[in-house]
Amino acid sequence: SDHDLIYPLKPEEMDWSPFYPKYFSKNSKDNTKKIDFIDVGCGYGGLLVALAPLFPDKLILGMEIRSKVEDYVKQRIDALRAQNKDDLYQNISVMRMNAMKFLPNFFEHGQLSKMFFLFPDPHFKRKKHKNRIISPNLLAEYAYLLKIGGLLYTATDVRELHEWMVEKCDNHPLFERIPDEELNDDPCIRCILHETEEGKKVARNKGDKHFAVYRRIQDPDE
Ligand code: SAM
C-alpha cells in the first residue's frame, strides 16, 4: 500500500537536500536547482549510474516502488559517491514512490527534460491493462511535466506492450514520435538498451528489445 509513502503537497515544499546533498543545502527548500530527468520504475539503478557521467550538470532521479530495491540503489549510489571524491554521482539519486500517483506533487509543469519508462511491468491480462505505466490518462500527466521538446523514452522486450505504448503515445496530441534513424546521436539509446539490469537480462536470454522515443510538442491551444 502507499500509506507509508511520504510526499510533499506541492513541489515547492520538497526538501531535496537528503537526495542531492552537494546541490541543496539542508532544510532550505531553496529549490532553484531542479530535477531534470526521471527514471520511472528504475529497478536496480543501472540507467542512473550510466547517465550520471554523461550528463554531469543534470539532476537525475530514479523512482522505485519496492523499498528493498530502493535501498539497494541508495547503497549503490552512496558507494559510488564515496569512491569518487570529485562530484561524480552526486547528480543521481533514488526515491521510493508510486509513480502512478504522486508525480505532480514533486515536479512542476514543464520541469522535466527526459522521462524514462524502461522494461515496465507488462501486466498482460486485459483486466490489468489499467495498471500499465503508459496509458492515456498518465500520458496527459507526463505531457504536463515535460518541457516542450522534452523526451519520453520507452523500451521493452514484450512486443505486445511495445505496440500498446506506441499506440497510446501516437494517439496523444502532445507527443510526436522521433524516427529511430534520427536517434543515432542520442547517447541515451545505448544506455536504455544495454545499461539497465532488465536490458542486460533480455540480452542474456537472447530476447528482442523494442524502443520508442517521443517528443513533447507544443499544445496548439496553449
Ligand atoms: N527499469 C528497470 C530496468 O530496466 O532494469 C527495472 C524494470 S522492472 C521490470 C520494473 C520496475 O518498476 C520494478 O522494479 C518495479 O518495482 C517498478 N515499479 C512498478 N510500478 C511502479 C510504480 N507505480 N512506481 C514506481 N516504480 C514502479
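Author: pLDDT is the predictor's confidence in each residue, from 0 to 100. This is a predicted model, in which local features need pLDDT of at least 70 and side-chain atom pairs count only at pLDDT 80 or more, while totals for chains, interfaces and linings use all residues. Residues are numbered from 1 along each chain as its sequence is written, and side-chain values use heavy atoms, without hydrogens or water.

Reader: What is the mean pLDDT of the chain?
Author: Of the residues in the chain, 96% reach a pLDDT of 70 or more. The model also scores ipTM 0.99 and pTM 0.96. The mean pLDDT of the chain is 94.

Reader: In what order do the elements of the chain run from the N terminus?
Author: Helices (H or I, at least four residues) and strands (E, at least two) are DSSP runs, numbered from the N terminus. The chain has seven helices and seven strands. Their order is β-α-β-α-β-α-β-α-β-α-β-α-α-β.

Reader: What is the radius of gyration of the chain?
Author: The radius is taken over C-alpha atoms, and the globule rule is 2.2 Å times the number of residues to the power 0.38. For 222 residues the rule gives 17 Å, and the chain is close to that, so it is as compact as a globular protein of that length. The C-alpha atoms fill a box of roughly 45 × 45 × 40 Å along the principal axes. The radius of gyration of the chain is 17 Å.

Reader: Which percentage of the residues in the chain is buried?
Author: Buried means under 20% relative accessible area, exposed over 50%, and partly exposed in between (1.4 Å probe, protein chains only). The count runs over the 222 residues of the chain. The buried share is 51%.

Reader: Among contacts between residues at least 6 apart in sequence, what percentage joins residues at least 24 apart?
Author: A contact means heavy atoms within 4.5 Å. Among contacts in the chain between residues at least 6 apart, the share joining residues at least 24 apart is 75%.

Reader: Which residues of helix α1 are buried?
Author: Helix α1 covers residues 46-54. Seven of its nine residues are buried, so the helix is largely enclosed by the rest of the structure. The buried residues are Gly 46, Leu 47, Leu 48, Val 49, Ala 50, Leu 51 and Ala 52.

Reader: Which residues does Ser 93 touch, not counting residues up to four places away in sequence?
Author: Ser 93 lies in strand β3 (residues 92-96). With a relative accessibility of 8%, Ser 93 counts as buried. Beyond four places in sequence, Ser 93 touches Phe 19, Tyr 20, Leu 48, Ile 60, Leu 61, Gly 62, Ile 77 and Arg 81.

Reader: How many Å apart are Arg 81 and Asn 91, C-alpha to C-alpha?
Author: Arg 81 sits in helix α2 (residues 67-83) and is buried at 13% relative accessibility. Asn 91 is ten residues away from Arg 81 in sequence, and the C-alpha separation is 9.8 Å.

Reader: Is Phe 119 buried or exposed?
Author: Phe 119 is found in the loop between β4 (112-118) and α4 (136-145). Its phi is near 50°, a positive value in a residue other than glycine. Most residues other than glycine have a negative phi. With a relative accessible area of 9%, Phe 119 is buried.

Reader: What is the phi of His 123?
Author: His 123 also lies in the loop between β4 and α4. At 26% relative accessibility, His 123 counts as partly exposed. Its phi is positive, in a residue other than glycine, and is near 45°.

Reader: What separates the C-alpha atoms of Leu 193 and Pro 179?
Author: Leu 193 belongs to helix α6 (residues 187-194) and counts as buried at 12% relative accessibility. Leaving aside neighbours within four places in sequence, Leu 193 is in contact with Ala 155, Gly 199, Lys 209 and Phe 211. Pro 179 is 14 residues from Leu 193 along the chain, and their C-alpha atoms are separated by 17 Å.

Reader: What separates the C-alpha atoms of Arg 215 and Leu 152?
Author: Arg 215 is in strand β7 (residues 210-216) and is partly exposed, with a relative accessible area of 28%. Not counting residues up to four places away in sequence, Arg 215 touches Gly 149, Gly 150 and Leu 151, among others. Arg 215 and Leu 152 are 63 residues apart along the chain, and their C-alpha atoms are separated by 6.4 Å.
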